[in-house]
Amino acid sequence: MNIVVLVKQVPDTWAERKLKDADATLDRASVDGLINELDEYAIEEGLQIAEAQRAAGNEAEVTILTMGPEKAAESIRKALSMGADKAVHLLDDGLAGSDGLSTSYALAQVLGQIGFDLVIAGSESTDARMGVMAAMLAERLGVPQVSLANKVEIDGTAIRIRRASEDGYFEVESTLPAVVSVVEKTNEPRYPSFKGIMAAKKKPVQTMSLADAGIDPALVGLGGAATEVVDHTQRPPRQAGTVVKDEGDGGAKVAEFLAAQKFI
Amino acid sequence: MAEILVLAEHVDADVKKVTLELITLARRFGEASVVWTGAGAEEGQARLAEYGATRVYVAADSVYDDYVTNPAAELLAQLVKEKSPALVLVAGNAQGKEVAGRLAVKIDSGVLTDAVDLQPGADGPVAEQSVFGGATIVHSRVRRGTPIVAMRPNAVAPEPAAGDAAIEAVSLSADATGARITNRVVAERSDRPELSEASIVVSGGRGTGGAEGFGVIEQLADAMGAAVGASRAVTDAGWYPHQFQVGQTGKTVSPQLYMAIGISGAIQHRAGMQTSKTIIAVNKDPEAPIFELADFGVVGDLFKVVPQLLEEIGKRK
């Protein structure tokens, strides 16, 4: 089984994140980059499915697919040290500034070339937070969208998931090939072992350019994006409110505030 | 007058509040045409009329309930081609955003998600988005195709207006299925409002000390008619189910009132609640960052402050 896990490098959510003044794209250089947290669940899910396939006597391989600048190689290396077999890095200056729609086009082109039985993604990235990539890729690739999973089961070419809903879950079933996205807490992502870290150094990472993947440069990057940022500003700090110490009347004071604001 | 498509969210005949918000918003740009998938439109029609919907396209097929995302996106794509609307609005929850994403690919149009406001501009609608955990405000627009915007619930207040909500039956002309939904499981249906669209959210954090201590959060939520939220520390520890987590990797809420009880306000929590209109914090640590956001804060033991607050609410009822 050919499993492709999408991994995005994002700025650390604990750091101060900013857009660049020049072109309103994310300033990726000034903050530490790491694997999008939700993608770690996708990697773990891919590894577990591959392990189960091998245990059942089937061949299985996990490929990491990352689109991003040079620096994203760090995230690829971490994914490989967790246990993925190889990686494809879509790396081209022409991709900078791509929006969701153009990113899905670029990734679909690569997926078409490298082939897949199962594509696994995190449910969203912590930087853009659109939550659309699995849906867009399923549409572009013409395969079922088996998204927002908090539990995944594979049985031959059948796939069954629990799709997280507002007040519970839906049971969803389909057949491979398919695009899956996983939500937080689907599993417990493993830490890379020392052996894994050493082994990762020898694992193959294929770099692809726009030309390699057959991507039309006019459809990606800032020029190819279907959306644009008009302006951006730092949110002004909230007006300092009133903070009181509880002197035995804290609850009553909250009630007074709520009543004055007509909440109670 | 320009036509605006609004994808309705409903549970049977009950129209969700976010849909009334979208209809209200659509009227800023033209005539609101609601797109209703599945059953219940006849019963829901009066509510849509009350908020100023001009018409309702009803696709009463079961395919929309049986398959994930694709049929609704295909129906919208078909209506975009037939009606040439100026704008398509969907609810900015996980499922709404997926429909928006698929639609964007189908009609090769730009999509903006998590908008907290939408205003007419010289080159089409301009969306306001609050990004990086609310630290940056971005205005953006669609420059190719028919703008598709997923609005964050509670972005606008629903305003009644006269409308006909004339029903027009529509159906899919193409096959659109994909992954099939075989069963729907409701975890625990409570009478509380849905977290992402509630007007008031009461959230508990590490300060509650455990699943037992979290009971006081539920009591306060019920007294306030609020939804219950939780910080990541709480859901990671298993004190409260994961689907109620508010924050960077959980739900983003934007209620009229957010009450953070025993929550320190780490940056990843703030990412999920920073755009709330009014914020109240109770925490025993005076240095807790949540107090920087709070309109009103009490430094104290939540197990003393909240019971007293409950008593006061009781007196005022």
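In which strand of chain A is Ser165(A) found? Ser165(A) belongs to strand β8 (residues 158-165) of chain A, with strands here being DSSP runs of E of at least two residues and helices DSSP runs of H or I of at least four, numbered from the N terminus. This is a predicted model, where local features need pLDDT of at least 70 and side-chain atom pairs count only at pLDDT 80 or more, while totals for chains, interfaces and linings use all residues. Residues are numbered from 1 along each chain as its sequence is written, chains are lettered from A in the order in which they are written, and side-chain values use heavy atoms, with hydrogens and water left out.

**Around Ser165(A)**

Ser165(A) counts as buried at 11% relative accessibility. For reference, buried means under 20% relative accessible area, exposed means over 50%, and partly exposed is in between (1.4 Å probe, protein chains only). Leaving aside neighbours within four places in sequence, Ser165(A) is in contact with Phe170(A) and Gln95(B), where contact means heavy atoms within 4.5 Å.

**Where A meets B**

How many residues does the contact take from each chain? Chain A puts in 79 residues and chain B 92 residues. About 7400 Å² is buried between chain A and chain B, and carbon and sulfur atoms give 54% of that area. Buried area is the accessible area (1.4 Å probe) that two parts lose on being put together, summed over both. On the chain A side, Glu166(A), Arg235(A) and Arg238(A) lose the most area to chain B, together 11% of what that side buries.

Charges show up here too, with 9 salt bridges between chain A and chain B. A salt bridge is a side-chain nitrogen of Lys or Arg within 4 Å of a carboxyl oxygen of Asp or Glu. There is also a salt-bridge network that links Glu37(A), Glu184(A), Lys185(A), Arg232(B) and Asp236(B).

**Salt bridges, pair by pair**

Over all chains, the structure holds 37 salt bridges. Here are some of them:

| Salt bridge | N to O distance |
|---|---|
| Glu51(A) and Arg190(A) | 2.8 Å |
| Asp114(B) and Arg152(B) | 3.3 Å |
| Arg47(B) and Glu50(B) | 3.4 Å |
| Arg143(B) and Glu228(A) | 3.6 Å |

The side chains of Glu51(A) and Arg190(A) meet in a salt bridge. This pair links distant parts of the chain, 139 residues apart: Glu51(A) is in helix α1 (residues 37-55) of chain A, and Arg190(A) is in the loop between β10 (178-182) and α5 (194-200) of chain A. Glu51(A) is partly exposed at 38% relative accessibility, and Arg190(A) is partly exposed with a relative accessible area of 27%.

Asp114(B) and Arg152(B) also meet in a salt bridge. They join distant parts of the chain, 38 residues apart, with Asp114(B) in strand β7 (residues 111-119) of chain B and Arg152(B) in the loop between β10 (148-151) and β11 (166-169) of chain B. Are these two residues buried or exposed? Both Asp114(B) and Arg152(B) are buried.

**Helix α2 of chain B**

Arg47(B) and Glu50(B) are 3 residues apart in helix α2 (residues 41-50) of chain B, so about one helical turn separates them. Arg47(B) is partly exposed, with a relative accessible area of 36%, and Glu50(B) is partly exposed, with 40%.

Elsewhere in α2(B), Ala41(B), Gly44(B), Leu48(B) and Ala49(B) are buried. Why do the buried residues line one face of the helix? Seen down the axis of α2(B), they fall within an arc of 150°, taken from the directions from the helix axis to the C-beta atoms. The face turned away from the buried side carries the exposed residues Glu43(B) and Ala46(B). What covers the buried residues includes β3 (14-15), α1 (17-26), β4 (31-37), β5 (53-59) and β11 of chain B. Just after α2(B), Gly52(B) takes a positive phi of about 95°.

**Rings**

The structure holds 3 aromatic pairs over all chains. One of them is the tilted pair of Tyr240(B) and Phe244(B), 5.2 Å centre to centre with 55° between the planes. Rings of Phe, Tyr and Trp (its six-membered ring) pair if their centres lie within 6.5 Å; planes under 30 degrees apart count as stacked, over 60 as edge-to-face and the rest as tilted. Tyr240(B) is buried at 11%, whereas Phe244(B) is partly exposed at 22%. Together with Phe214(B), Tyr240(B) and Phe244(B) form one aromatic cluster.
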